[in-house]
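Trainee: I have not seen this model before. Could we go through it together?

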Amino acid sequence: MESWKIEQGPVLRAEITVPGDKSISHRAVILAGLSNGTCKITGFLPSEDCLSTMQAMCALGVEIERPAPTTLIVHGRSRQLTAPAGDIDCGNSGTTMRLLSGVLAAQPFRTRLVGDASLSRRPMKRVIDPLTQMGASLQAEGPKNAPPLVIQGGTLSPLHYHSPVASAQVKSAVLLAGLFTHGRTSVTEPSQSRNHTERMLEWFLVGPHIDGLTVSVAGEKTPESRDFHVPGDISSAAFWLVAAAAQPGSHLLVTDVGLNETRTGVLAVLVRMGAHVREIIEVEEGEPWGAVEIQGGKLKGTVIRGKEIPNVIDELPILAVAGALAHGTTVIADAAELRVKETDRLAAIATNLRAMGVNVTETEDGLEIFGGTPLKGARLSSFGDHRIAMAFAIAGLFTEGETIIDDVECVATSYPGFYETLQRLVTERNQEIPVVASLPSREN
Ligand code: S3P
């Protein structure tokens with residue numbers, strides 16, 4: 001078991017980039033594999049989760065060349081995959097299992113999707129329900145509809161699905177299945193979740209129709225092969241943004257980072273907490289991306305709830321750490337989804353913050369964090385969850401005394417190189433930060 005030792009860090013002054021976006025990398029390799037020709041994907045995230053999706057597509061007959069770790073040449077199969085030789089291992093990746101379920105529901109063969117111990121506890125009923133209604137047969141072998149998931153695909157009928165959860169994974173599974181039906185398939189979600197699938201369907205010229213919270217796709221459509229660039233992951237940048245925001249005198253510039261409006265809630269929350277954030281979208285090619293600059297100061301508590309939750313769902317562990325470092329109370333509510341992520345993140349955050357001396361109340365669907373008291377160094381577990389490991393590594397930069405984080409191998413699922421970047425940032429001080437012309441302030 002690998003552990004990290006973290007000590008109180010200095011003021012951060014740096015310009016950085018972060019690895020490719022995880023959600024977008026999964027979708028790029030799936031849609032390219034379904035397309036009618038060859039697509040070059042650059043900026044691909046070479047993390048375990050995205051490699052699980054890449055290997056799954058290979059096992060389903062898609063030929064993929066990898067001339068560089070972040071470059072894939074995908075030879076699409078015009079929606080016709082082939083039966084895999086054995087089980088498909090999705091590793092730790094819920095996105096791999098749920099998105100592939102949508103595609104496999106329409107393939108004329110049987111597939112068994114398996115995962116690691118954490119994925120084997122995660123709920124699959126959310127994709128089983130709509131895909132069964134479309135005509136596929138899906139059987140969960142684990143308790144309470146948990147993986148392994150056996151899918152017997154076939155001819156699907158279109159569906160208008162009212163999803164009970166604001167989940168981009170559920171929405172994407174249904175929309176991907178919808179490409180194979182003989183009609184129009186729609187998903188209405190209770191609030192807006194990330195829209196990368198919609199944007200990518202548009203980029204691959206099988207554009208969905210969007211009407212408020214309802215997205216629909218026409219069936220019998222094959223994605224048109226096109227090259228695609230994956231921008232940096234704002235969820236990975238969030239760790240450094242909080243590290244800088246909570247430290248007066250810090251100044252961080254993150255370039256080439258994805259600035260999709262369904263993912264930048266973390267910036268809005270940091271602005272509410274008192275951080276000074278400037279951002280600019282420089283390119284919009286399928287996805288928008290650009291630069292974010294943040295200057296550290298004293299943070300104050302805030303409330304994160306309701307419609308904002310899906311937009312910050314993966315950033316809540318690091319925002320909880322920001323809450324502990326801020327003066328006053330930070331409330332997170334309507335976030336029961338955190339209990340069914342890679343671990344029960346509400347419980348994991350509360351346990352680790354308490355070990356650091358923070359007063360926290362855990363509610364059914366959130367946390368109340370009474371911030372502003374000095375954090376104590378402690379020995380913490382990652383609970384096998386990459387975002388818990390990274391969020392508490394950042395907390396460790398603010399503690400008196402040493403912090404140890406155990407079981408950190410899981411970070412490779414989303415952010416290979418995180419610890420090396422951490423070490424570089426704490427040793428390379430006083431960098432000159434280039435001025436990005438006309439970088440406007442983010443208003444609340
Ligand atoms: C993801 C969607 C989110 C997010 C996950 C990635 C995606 O999950 O938490 O890390 O790529 O679609 P849900 O859609 O289940 O909320």
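Mentor: Let us begin with leucine 205, which is placed in the loop between α6 (196-203) and β12 (209-211). Helices (H or I, at least four residues) and strands (E, at least two) are DSSP runs numbered from the N terminus. Please note that this is a predicted model, in which local features need pLDDT of at least 70, side-chain atom pairs count only at pLDDT 80 or more, and totals for chains, interfaces and linings use all residues. Residues are numbered from 1 along each chain as its sequence is written, and side-chain values use heavy atoms, with hydrogens and water left out.

Trainee: What is the phi of leucine 205?

Mentor: Leucine 205 is not a glycine, yet its phi is positive, at about 60 degrees.

Trainee: And the peptide bond from proline 147 to proline 148, is it cis or trans?

Mentor: That bond is cis, with omega near 0 degrees. Proline 148 belongs to the loop that lies between β8 (137-140) and β9 (149-152).

Trainee: Moving on, which residues surround the ligand?

Mentor: The shell (residues with a heavy atom within 4 Å of the ligand) consists of Lys22, Ser23, Arg27, Thr95, Ser167, Ala168, Gln169, Arg194, Ile313, Asp314 and Lys341.

Trainee: How do the residues of that shell divide into nonpolar, polar and charged?

Mentor: Two are nonpolar, four are polar and five are charged. Here Ala, Val, Leu, Ile, Met, Phe, Trp, Tyr, Cys and Pro count as nonpolar, Asp, Glu, Lys and Arg as charged, and the others, Gly among them, as polar.

Trainee: Which helix gives the most to the shell?

Mentor: That is α1, with three residues. Both α1 (22-34) and α5 (168-178) supply at least two residues each.
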